[in-house]
Every structure is written in structure tokens, then in C-alpha cells.
Amino acid sequence: MKCILIFDHLNDVLYAKYNKKFSKHARKLSREQGFISDGRDDDELSSNFLIQHFSPIVTSQQLMNCQFGNSYTSVQCKDGTNIVFNQYMGYLFVQIGLNDVNWLQRTLGIFITVVKHLCGPNVSILKKNKSNALLLSRLLDTWMQLQDNDQAFLLEAIEQLMVNVDLTAASLKALQDAVDKLKTVTEFSRIHAMLLVENKFLSLYSSRGAQELSAGDIMFLSLMCEAFYLAPADTSLVESTESEDADESSGDEFYSPQSSPQGSPFQTRREYSRPTEDSSQVELHSSPIRFLDISEADGIVSQVVLLMGSGITYNPHVVHICPLDEGVHLLLMFEIGNVMVSSGLYEVFHYLNVLQSVRLQREMDEVKHTFDNLESGIKKVFEGLKKIRHIRPEVENCQRKLHSKWDFMRKKYLEYIKTTDSECLLRVEASTAPFMQDLKELLQLTCFDNKMIDIGRDAVLAVASTVKHRLSDFSSFLKVKALRNFTLGSRASLTINKYLEEFPGLVHFLYIDRFNHRITAPSLDFNSEETTSLTKKKIWTMVEFSRAHLQEGHTAIMWKDTTFNYAYFLWFEDSSASPMKPKVFPTATLKNFPRPGILCGDFYQKLTEVCFPKTSLSKVHCYELYCIHLGLATSTCVLEQSRRLAATIWEVTGMPSNPIDLL
């Protein structure tokens, strides 16, 4: 039984995604409690059903958060059902499932991250814009498939495709020429071009002045690419032939949207080319994006999203995903809008939400402090709008309305802070809703203008064709290389084979450079039943076990079962690869950190900041190493091999490093 819901401050359902078992269970409860009298057993639930069932606990959650600042994080039921809660911009996110609380909280956190990229601070758009809601569901389905089959998505890291220097240089030069061409023929000056091969990172080129893409941005773009181009099975609302037990254990049998990726994400792909006469005969579920309101002319998928970059707010980009060959994709990202406007709007939405909470708690010092931050954010928005050379009439009109409402709100807030008069508070509350509507309108006009998608589209098509031609000589090699980046059993590469022969008893390892979130790990063969049933299960369990202990403050652990020995290490180095010992380790505050990973917030950056409070982040490198050895290997052998593996991994990655004592 699985379900994800989003509620607004009025307890209205903005978004719902659930599987058939949840639907049946909800209808059964509704009949028992007299909410419905008919005997129908439809798969789709109305918003009224969900509001009737969840209104008590949602109201309680909102009250605990607003009045006391002490909201629930999870509820565990006797029958094994778990409910987890999270909040973003005043909207309540709820997930229900039979998985453990940590897994549900991680999934919900990643779900919120995807919402941020698609909607920004205006989550309510999901109720009005069906396309965004369906795309959100599609991305969540794809992430669930990938995190269950892809080591990089499991660890929330980027897997670099390992190719020789000449091939890397050729791909980078093709991207540089593409960006230079686009700068001359379009109105965009801040552009990124990236190549992905089977969701593995090949190369990235950014124009001068473009904001740096974060590792989380690259993972989200990779997720988008996989979501659009994985060929899905038919997952329409039909009676499942699987047993109830299978339904419980299935992680992806949701019923929104109708098209969801099934099976291994690397089994089948569908590429989209120029529409043909027969294309209209294709059924709805045959394409993962036919039901989405997304531009898909000439096989190129385009969407406006927000990317984090190296800052703390999201900036709008038009993303064009161009299929060059099966599994090979060129991604072009055009930075649009004004950074001051987008970041200022984000701050205004955030502090308006905080202000509503502290206002209810009558904490006047917090009200004054939050109001000052809100005023700073709105000033940033207006200053950013002034710097736009050719402002559109609709934006200018929205700006005037916003300015007028803000002047009134500001006056009443200052009166309230000075006198704490309840009448001033009532006027403030009455003016907040129309002010928020104008903010949402301005956000839509400046950050989510779909008209920007068509600007320079012909140039995008031409550039994609040129890059495809320049990579055509080795595109087949790239696809094969992506499937077997390198394996422990490989004899194709003498260098890798020679390297791995130095570690007898080593079954698998995962090495992650958390400075740039690059992962180095042998590929897994999912066509092998032995790999799927034994090794894969052990690896996924090892990662979850290690994460749980990392959140308790353990950075070096070893354990074993009847088959294997396991080891996990996290350590720090300076820029010269010399070991660094943390001055302070925040064992007591780790529970307030984001989940280990980068999509729900960069756990490792936060850890580095706290462990080395007076050191620049650019001077501290964080690393992780997971190892699986045969059960016969001794602890001494595992430790010795782990040290050598960390010290010599540059033979595979090409990045030299000095030896380090992991302990």
C-alpha cells in the first residue's frame, strides 16, 4: 500500500499518487464509516475521499507546526503501515507505505526536490497544471526504478563515463563549438551543453558567465532524460494479475500517471524522431510523454525548470533534450530571466511562509526579524525588474499591482510590530492572499514562461545535428562502454584487470569523491540471475546499513554475514591529499542534517562545514569507500586492501592521490 499526497494550508489536496491497494483500502474505510454508500470499486479516488480521511491528522499537523513549531515527522501503525510528513513553503507533503521510515523520508525528500525544480515555491500550480503533475509523477516513477537498479542513483552521485583523453577532448570541443554557435545566433548568452550516455556523465561545457551547475542539478537533468526516453510498459488502471504480497512489495505500481517505467531502466529505450503518418495511431501509453504538455517537435523534448547552481536559490532554465543516438543525449540549458528576480521571489515566498508561522506564535522578535528579511527580498525583486531592458507590458502591470499591495502590507506590518494591535494583524492577514496571488503571477511570467522554449529552437536543431555528426564515429563505442563502464570480471582492459588482480577476495567496491560527487564502481550485470539475487541485494543493504550508522556519527565500520565481509569508510583530505582530522564532529546534531546524499540537500557539504568551521570548503575533500570481500577475508586484509584501494584508485579514474590512513 503506497500513497503520496500534497495538502495546502486549507487542507485541500493539490496532488495525489497512489497504487491500487491503497485505493481499495480507502474505499473500504469510506464504506465502513458511511462516507459512501455505493459498492463501486474504482481505482481513482476523489479529493473529497482523501480530505475526509486525512483532514484530522493534517489539521493536527498544521496546528502543531504553526502554534508550537513542533510538528510530527512520522507515525508508525501497529499493522506496519508508516506515515511520514515534510513541509515546503507551507505545503504539507505526506507519504504512506510499508517501507521503513528512513526509506519513506528519503523518498519524500527527493519528491520535494523534484517539486522545487518543476514548480519553484508555487506548489499550488500542480492542481491547475495537469502537465506538471503528470511530469512529477513520471519523474518519481523513474527515480524509483533507477535507485533500485543504478548504483549512482542509489548513492546520489554522478558516474563518469571512463573514456580515453582523446575522446574526452573531442566531445568537449564539440560542446564548446555548439555553445559558441548558439551564443551567436540566439539571444541567450549563459548556456550549458552536456552529454549523457545511458545516464552516465561524459562531458559538460558552460559559457562564460553561466552559473555553475551543481551535482544535484546534473542528477536531476539525468533523471529528466531517463524519464522521457525510457520506453514504459502499459500501466493503465487495470486489475493487477499479481498477488497481494507482490503488490505490497512492488515499489512502482502507482496510478498517477498512466505511464510509468517498468522493469530494469536499461532494458528498453524509445527514441522520438520527426512525427510520421502512423504516429497518430500509437496508443497513449506507448510514449512516456504523449500525455504531457511538453514541446516535442523533431524529437527534441523541451521544458522550463529551475536549477540550483552553486547558489542557494533556484534559477530558471530552458532545457532541451536532444537524442543523438539510442541512449546518447545532448542536453542544452539556456539560463533565462533575471537572477535577482528569481532569487528574490524565492526569498519572498519563503519569508512570507515563515512570517505566517511566527505571527501565530506571537513571537514579536521573530516577527520583526522575518519581516526585515521579507522586505529585503521584495526590494531585490523590484531592483531586478528595473534592470530588465525590455520589460513586457504584462510583467510591468503585475509589478505595479505588487508594489501597491506591498506598500499597504508594509505599512500595516510596521504598525503591528510597533503596537501589536490585533486590528492591524487582521488587515495584514486580509491583504496577504491577494499579495500572494500577484507573487505567483509574477513568478509565472518571469520564471516559467513557456514562450521561451521556442526561442532559438531552429538553432538548437541545427546544433544537435552537428554534434551528432561529429560524434557519429564513436557513438556505438560510447553506448557499449556505458553498459560496461568497467567490471570486476572484465578482461577487455588490461589496465583494469591488472589493477583488480592486486585485491584478491574483493567482490565489489564503491568509491565516491564527495567534493564533486563522482562515483567509481564496477558495473553490475543485471542480466545475470546470480548478480540480481545475491550481489545486488547485498550492495543495496550495505549502503542502507552504512547510512544509518553514518547518521549516528560512525565514519568507519566493518561487519560480516555468512557470505561476505563489509566495510565502510568516510574521511577527509586537504588539497594535497593529506589526511585531515575533524576538529569537531557533530554527532549530536547529525539528526538535523539532510539525509546522506545530495538530492535532499548536500549532507557532505554540511558535514564538512561543521567538522572544519574555519576552513574554506574548497580546501577540504570528503571521500567515501564501500567494500565487499569474501567471508574468508580477515579484518586485517580488508583494512589493508581498503587503504591501497583508496590510495591507487586514480589508476582507474585518472586522478592521482596520495595514500591515506582510513582509520
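**View 1. Helices α11 and α12 run roughly antiparallel (an angle over 145 degrees).** In this predicted model, local features need pLDDT of at least 70, side-chain atom pairs count only at pLDDT 80 or more, and totals for chains, interfaces and linings use all residues. Residues are numbered from 1 along each chain as its sequence is written, and side-chain values use heavy atoms, leaving out hydrogens and water. Helix α11 spans residues 364-386 and helix α12 residues 393-419. Their axes lie 11 Å apart, at an angle of about 160°. Axes are lines fitted to C-alpha atoms over the stretch in contact, with angles from 0 to 180 degrees between N-to-C directions. Helices are DSSP runs (H or I, at least four residues), numbered from the N terminus. Contact means heavy atoms within 4.5 Å. Among the α11 residues that meet α12 are F371, L374 and F382; the α12 side includes W406, R410 and Y413. By class, this contact of α11 with α12 has 14 nonpolar, two polar and three charged residues.

**View 2. Helix α7 packs against helix α14.** The axes of α7 (residues 165-185) and α14 (residues 457-471) come within 10 Å and cross at roughly 160°. That angle makes α7 roughly antiparallel to α14. In α7, the contact includes A174, D177 and L182; in α14, V460, V463 and R470 are among the partners.

How values were computed:
Helix = DSSP H or I, 4+ residues; strand = E, 2+ residues; numbered from the N terminus. Parallel < 35°, antiparallel > 145°, perpendicular 65-115°, else oblique. Nonpolar A, V, L, I, M, F, W, Y, C, P; charged D, E, K, R; others polar.
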